[in-house]
Amino acid sequence: MSEAKIHVIGGTRVPDSSSEQRLVEIRQEAERRGEVRAIGIRPSGAPFPKASPETGYYGLPLLKQPPWTWKIPLYFFAGGAAGAAAVMGAIADYAGADRKLVRDARWIAAAGAVISPALLIADLGRPARFLNMLRVFKPQSPMSVGVWTLLGFSGAAAATAFAGFMGERYGPSLPLRVIENAGQAASLVFGLPFSNYTGVLIGATAIPVWNQNVGDLPIHFAASGLGAAVGLLEMMGNDKSRALQALGLGAALFECWEGLRIEGRGHSHFDPLKHGPSGWMTRAGGVLSGPVAFVLRAASLFGGNKHSSALRRWAGISALAGSLVTRIAWVQAGHVSARNWREPLQIPVEDQAELLGGS
Amino acid sequence: MSVTAFLTDSTLCIGCKACEVACKEWNGVTGDGLDWSGFSYDNTGSIGASTWRHVKFVEHAPEPGFGGNAPEMNSWSFSSDVCKHCENAGCLEACPTGSIVRTEFGGVYVQPDVCNGCGYCVVSCPFGVVERNEDDGRAFKCTFCYDRQKAGLIPACAKACPTESIQFGEIDTLRGKAEARLEELRRRGMRDATLYDPLDTSVGGTHAMFIVRGDPRSYNLPPKPEVPTIYLKKGWASSAVAAAVLLGGTLLAFLADGGRNGRRNGR
Amino acid sequence: MPGLGTSFGRGGATTAQQDLANADAILIMGSSMAENHPVGFQWVVAARERGAKIIHVDPRFTRTSAMADIWVPLRAGSDIIFLGGLIHYVLEHGKEFREYVVNYTNAPTILRDDFRDTEDLDGLFSGWDADKRKYSPETWLYEGAPSKETGGEKPGHSDVGGGHGKDRGGEAEDAGKFEADPSLEHPRCVFQVLKRHFSRYTPEMVERYCGVPKEVFLKTAEAFTSASGPEKTGAICYAVGWTQHSNGVQIIRSAAILQLLLGNIGRPGGGILALRGHASIQGSTDIPTLYDILPGYLPMPSFESDSHKLKDYIKKHKARTGLWANFDKYFISLLKAYYGEAASAENEFGFKWLPRVTGDHSHFGYWLEMADGKMEGLFVMGQNPAVGAPNGRLQRKALAKLKWLVVRDMVETETASFWYDSPEVERGELAPQTIGTEVFLFPAAGTAEKEGTFTNTQRLLQYRKKAVEPPGDARSETWFMYHLGRRLKEKAKKDARPRNAGLNALTWNYSTEGQHAEPKVEEVLQEINGYSLRDHKLLENYKSLKNDGSTSCGAWIYSGVFPQPGENKANKREPQGYLGHGWGFAWPNDCRIIYNRASARPDGKPWSERKKLVWWDEEKKQWTGLDTPDFEKTMPPDAKEDIRRGQGVEALGGAKPFILHPDGVGWIYVASGLKDGPLPTHYEPLESPISNPLYPKQQTDPAADKKERPDNPYAASPGDSRFPYVLTTYRLTEHHTAGGMSRTLSHLAELQPELFTEVSPELAADAGLEHGEWATIITPRGIVEARVMITRRMRSLWVDGRRVHHVGLPYHWGYRGLVKGDVVNDLLAISEEPNVRIMESKALVCNIVPGRRAAGKGALRQLFFGTTRAGGTRTSLESKSVESK
Ligand SMILES: Nc1nc2c(c(=O)[nH]1)N[C@H]1C(S)=C(S)[C@@H](COP(=O)(O)OP(=O)(O)OC[C@H]3O[C@@H](n4cnc5c(=O)[nH]c(N)nc54)[C@H](O)[C@@H]3O)O[C@H]1N2
Ligand SMILES: Nc1nc2c(c(=O)[nH]1)N[C@H]1C(S)=C(S)[C@@H](COP(=O)(O)OP(=O)(O)OC[C@H]3O[C@@H](n4cnc5c(=O)[nH]c(N)nc54)[C@H](O)[C@@H]3O)O[C@H]1N2
Ligand code: SF4
Ligand code: SF4
Ligand code: SF4
Ligand code: SF4
Ligand code: SF4
Ligand SMILES: [Mo]
């Protein structure tokens, strides 16, 4: 405790009338508690702001909150789904899976290839200067790595989908094949990091809730993206694919584990993921993409042909929604974490109620 | 070209905010808003896009017979904060456009004509310094008065400071001065004086050092700032694992499933 | 500044800010120097770094306290008790610098036997005329001086004028006849009178009535008084925390006494630094904007007294001994500067054309006449009285009685806009439709947009060139005044009435330059410097002035600033030495620490090596040193004094440093020149929660003028139960005075965007205030609302068995600008300190209640009928504390 001592010089200064005693108490109370609780002073409403090792600098945030709008979580969502879809499309193609699945996956990837950069660019403070990103390649900047990945992915996914479409429409030709195959290979290569690099992007920042989870975030985001991609494919009618079912189950299982991991950790870094609006959102996202999706899928295994499709579609919708909510929740948690001056100042929370009371 | 730095000594600062205003005037920084905070005499709150130098007011209970300079008491200290110009700067490493560069003076400089406002530096600064200006879209912070230093002038804030609380000079000389000053203050009985220069963290020291009295946390100076690049290894490793699992899992799923489902499903 | 003027001879800071670095202790009291003089404060910091003790005595813990070693909170308005306590401490413990006191002060001088002290007469000095409400000061004179009965000149200032006068005390002819006792033992010598006078100012007394714990007081007293003697010096800095009291001049006098006793005047690291306000406020008393003095502290002739003839006027003001023996030279040279050729010995150099003072024409004097509808028009240039002047409601309503109002400013100030957006308009007291005042708003050029000098706080003239052209129609003051004068003269030329004779005779022949015909400012400075009329050569300094009309000089004290064509010393920028000679020009004679002869022993050697400044060079047979000697350069230290018969400075001999005084010494006791007594004595502020502990029958300074009237009412004093708290007003670094120059700029306005009131947690609990919420502050004159800042920097003090809570209010806000707020000066009363006629802004009483004030007419209702409320006193706190347990 850094309680400042009241220096009463010579000790003779405090006349011992009761009101005088009360005044001394008031002063001490003001110093200790940071507010005065007396009649006429609203106990909760009269913050007596303090700068101290216990309060930081008047409880003002040390870190800056992310300046991003809703577009960025949406970008995380779209990118994750598109990346995973591209990977699935390619593998499914190589494995000789159903053409529709391959085609749908390519379309999802292509759609992501268009939407993702649009979202990213729109969120720039100076969108016209997007190309400045391409001045340099900086391996130590996940944003730079990500932009180049995005570029590669977008080009590849779009080319693949385009060539596939042309081939189907006007008949196959060699150049189209080449483009399609090369594009597919490239979108596999780029899709893998693209589906999860955003985990590194936010993980390697100064925001505690993000950087403390940097080891899990990419996997978490990959699983989330996979769940979303599977869900989308199923909703597009691929609800009989056992491979998709298996992947969906896998993703949901991982998300269950991720939820348990977060809930199980006691460290205050995790508070924004557990308390307040961002906490509830994280939970909602986790439940939708984890347990709900898992249970629906499990049920679909035993649901017989009639119900199975519907259940899988619902599982897909749940995973999809879960993935979106999860991205929003993580960004929101970043905001809350940035506002929490205690974390970067390494000030332990004394009073849990106080923390729950507000951010 | 010598490598320069600031040493801001709060035991000399009178809280006049001349540095804050001089910075805004020299750099044409926009207004910060006209809100009263109730936080002592500080109404601009923190460093940000519209305040590049910022004077903090750390208030305690004074006692008669002890001025703020009394060794026993640290009653009201003022500390002028600024971008730390980190040796390993989170903002610089993170910037995807190369807008943020290190100058020949050792400062960390945002080139306003290159920045595209991606905002990634904002979340990458462990000191919460750089910020996107919402009107303009770009990120702004202290330039270390690159323009003035180029012209052989000292930064506007240091120039305006009447009490030499902001000292500017060659970094090694200043580090030496800081040590000597600290010793001097301790000798005078101010045993709570500390030098804030996070040399032993991943930030690797800064070009803006601070002498403060009491716990640096009262001044929103983090005890252990880290440059976020230290998280990269773990992050990319996780990313690789994720990619591998995704690749493997997908392969496994589709190979195991063979073509059967597809055929059944197909036209 | 008659506090310093009467004590030492000149109404200016005795030292330079740079010299503070040499002090061993610095007492800052009545000022928040770090906040209001931040640049000068660097030398206080420098002194501190060299080991000097910095003491700040202030009701609040300010940014200055934060830099001090010792902070002493005291009850606002109790300064003389505190300083008297220090004087008592010095005398009691024999801490005075004996050799200095005996040789360089009037401590040995013996007073008349009919002098009676306030200690004898229950708070009045002898000579009080209860009907006229003023002193006749004969009995204050030295033994041997003529009394009324024996006839002779009446010493002192004119009765009618304010108090600036010559700023140096009266006593002209009579100086030589006094008796002295160098052993300081004579019961009627100043030293003994002083001892008796301050005998009651004990540490216990200080504790009881200033609210300063005895231990803190003793610590402070020891710290400051030990900075004395040959090896050590201490300095005192003050500003309006002292002056703006109903006995402000006497507070400064207390400081002067203390410094004379400690031997701290005229020595390096010593002195009294009057920290002056506006950029050139020193300049505006040197070349005054005041109604009762002429440039160089020459008194304005007064209509009632016998100053109708030049001869009588000069006789009254010219001294036989000391520098003022040259009074006629300075005065006639000034008349020559005014009237040129037209001034000749035959027509008394145009003396009859000078206006005469007919009454109190100070700001408050004429403003009240304005409120009574006796004035037609007003020029307001570089002032914003609608916000800056006390009793704002009265000030603004008075403006509405004018026929015309000219405001020259850089922004449209509250004064210029009173007729449509003042609170009086909102409250229905004034209506734009019915106000007859025609307002002319002229755009003024700002400091960087014009050329000229500033005279700063340490009497230093600094010249600066124009940096940019003023925008649009904005013009400099020089331009405006020159062309206004020119046009008036043109009109007067066509009208031969006698009243115009002076205007017609006035020289007004400045040459101009540029497309706007801007007068050449350097030419004006040359006119101020003065020149010989025979050969039109610029004067080297004031010693060349003549009384025969052969020299012309606009302000004798500035003479030497422009000694040769092309040598504008105010524009010099090559500082050398620690006092910065070569940068600007300090009056008089580029002397940075005045009375510096006192830095040497009577025999001319420095008191010590460490504290040497000016000394006698045996070889060169002249005074020399680190500063320009403020002394006859070649008068040796052993030159005999001959005050009884001699003439001028020579009569003072070689060992009397205070050459403006007829006896050449510093005045611990001011026999004449002040309206409220020869010695400072404690009176309570005009509004106070307690009764005067020293003189129960004499609550306030008897000579102070309350100007009490229905529109300028006062709380009952002592102890008006409706207004239980002490109110004090002050500045913030972030703003400038009435705010026209800071509330209008976003980079400054944002730093302190709202009016707030600083209160202690104790007062907050007592009055039910919440941090960040609103409070309403009420006095008999006005009502304002402010945000509450509860801070432990404010102290509730234990005074005479009860708590005294302070309410602190910075006064920078008004109803215009980027950030607006209530005008704090609406709370203040118009009052006049007897000598300089300043208001009491630092100590009054108020009430503070939670919540915002009513809007519109409601505010007036609240002011007149709602000033009381249930609870809020100390007793209620007691009951509250019981409840809250
Ligand atoms: N930044 C800034 N600087 C300024 C100005 C400005 O407006 N802003 N104004 C300039 C002008 S015009 C002037 S005149 C000077 C004034 O300079 P200061 O005199 O320093 O100004 P204030 O803040 O009005 O008052 C000084 C202190 O007096 C204290 N005080 C109040 N009552 C008493 C009392 O009874 N006894 C004692 N001992 N202290 C008391 C107040 O708490 C306050 O801290 O500043 C000049 N400098
Ligand atoms: N309650 C309370 N009241 C106080 C005081 C206090 O301590 N407490 N202090 C008092 C003191 S010390 C002072 S000095 C007064 C100050 O009170 P004012 O002098 O009335 O206030 P300022 O705001 O300084 O007014 C100066 C005006 O001049 C304008 N100006 C600046 N430069 C120029 C120029 O070159 N030419 C022209 N024509 N105009 C110019 C500015 O824009 C500004 O509007 O307030 C006094 N009032
Ligand atoms: S303090 Fe922040 S903005 Fe400044 S250099 Fe370091 S990381 Fe960059
Ligand atoms: S906002 Fe500008 S400076 Fe910051 S990282 Fe992005 S491009 Fe670089
Ligand atoms: S170095 Fe320049 S940009 Fe940085 S704070 Fe100082 S004045 Fe502002
Ligand atoms: S200018 Fe210097 S003294 Fe003033 S607030 Fe800034 S650092 Fe402190
Ligand atoms: S504003 Fe001018 S006069 Fe005032 S402190 Fe600053 S430099 Fe000095
Ligand atoms: Mo002033």
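Student: How much area is buried between chain B and chain A, and what share comes from carbon and sulfur atoms?
Tutor: In this predicted model, chain B and chain A bury about 6,800 Å² between them, and carbon and sulfur atoms give 62% of that.

Student: Which residues of chain B lose the most area to chain A?
Tutor: Those are Tyr120(B), Asn220(B) and Phe254(B), which together account for 11% of what the chain B side buries.

Student: And how many residues are in contact?
Tutor: On the chain B side there are 89, and they touch 84 residues of chain A.

Student: Which helices and strands of chain B supply at least two residues to the side that touches chain A?
Tutor: The strands are S2 (53–59) and S6 (131–132), and the helices are H2 (90–94), H3 (120–124), H7 (232–257) and H8 (260–265), each in chain B.

Student: Which one gives the most?
Tutor: H7(B) does, with 18 residues on the side that touches chain A. By class, that side of chain B has 42 nonpolar, 29 polar and 18 charged residues.

Student: With charges there, how many salt bridges does the rule find across the interface?
Tutor: Two between chain B and chain A. One of them joins the side chains of Asp136(B) and Arg126(A), at 3.4 Å from N to O.

Student: Switching topic: what's the average pLDDT of chain B?
Tutor: Chain B averages 93, and 96% of its residues score at least 70.

Student: Where does pLDDT stay under 50?
Tutor: Over residues 261–267 of chain B, for which the model has 11 contacts beyond four places in sequence. Where pLDDT is low, the predicted coordinates should not be read in detail.

Student: Now the ligands. Which residues come nearest to ligand 4?
Tutor: Of 13 residues around ligand 4, the nearest are Cys95(B), Cys115(B), Cys118(B), Gly119(B) and Cys121(B). The shell holds eight nonpolar, five polar and no charged residues.

Student: What about ligand 3, which residues are closest?
Tutor: Cys83(B), Lys84(B), Cys86(B), Cys91(B) and Cys125(B), out of 13 that surround ligand 3. This shell divides into nine nonpolar, two polar and two charged residues.

Student: And how many residues surround ligand 2?
Tutor: There are 29, with His278(C), Gly388(C), Asp409(C), Lys450(C) and Thr737(C) closest.

Student: Which backbone atom is 2.5 Å from a nitrogen of ligand 2?
Tutor: A polar one of Gly388(C). Oxygen atoms of ligand 2 also lie 2.7 Å from a polar backbone atom of Asn384(C) and 3.0 Å from one of Ala738(C).

Methods. Residues numbered from 1 in each chain as written. Chains lettered and ligands numbered in written order. Predicted model: local features only at pLDDT ≥ 70, side-chain atom pairs only at ≥ 80, totals over all residues. Heavy atoms only, no water. Near = heavy atom within 4 Å. Nonpolar A, V, L, I, M, F, W, Y, C, P; charged D, E, K, R; others polar. Contact = heavy atoms within 4.5 Å. Buried area = accessible area lost by both parts, 1.4 Å probe. Salt bridge = Lys/Arg side-chain N within 4 Å of Asp/Glu carboxyl O. Helix = DSSP H or I, 4+ residues; strand = E, 2+ residues; numbered from the N terminus. pLDDT = per-residue confidence, 0-100. Polar contact = N/O pair within 3.5 Å; in protein donor to acceptor, adjacent residues only side chain to side chain.
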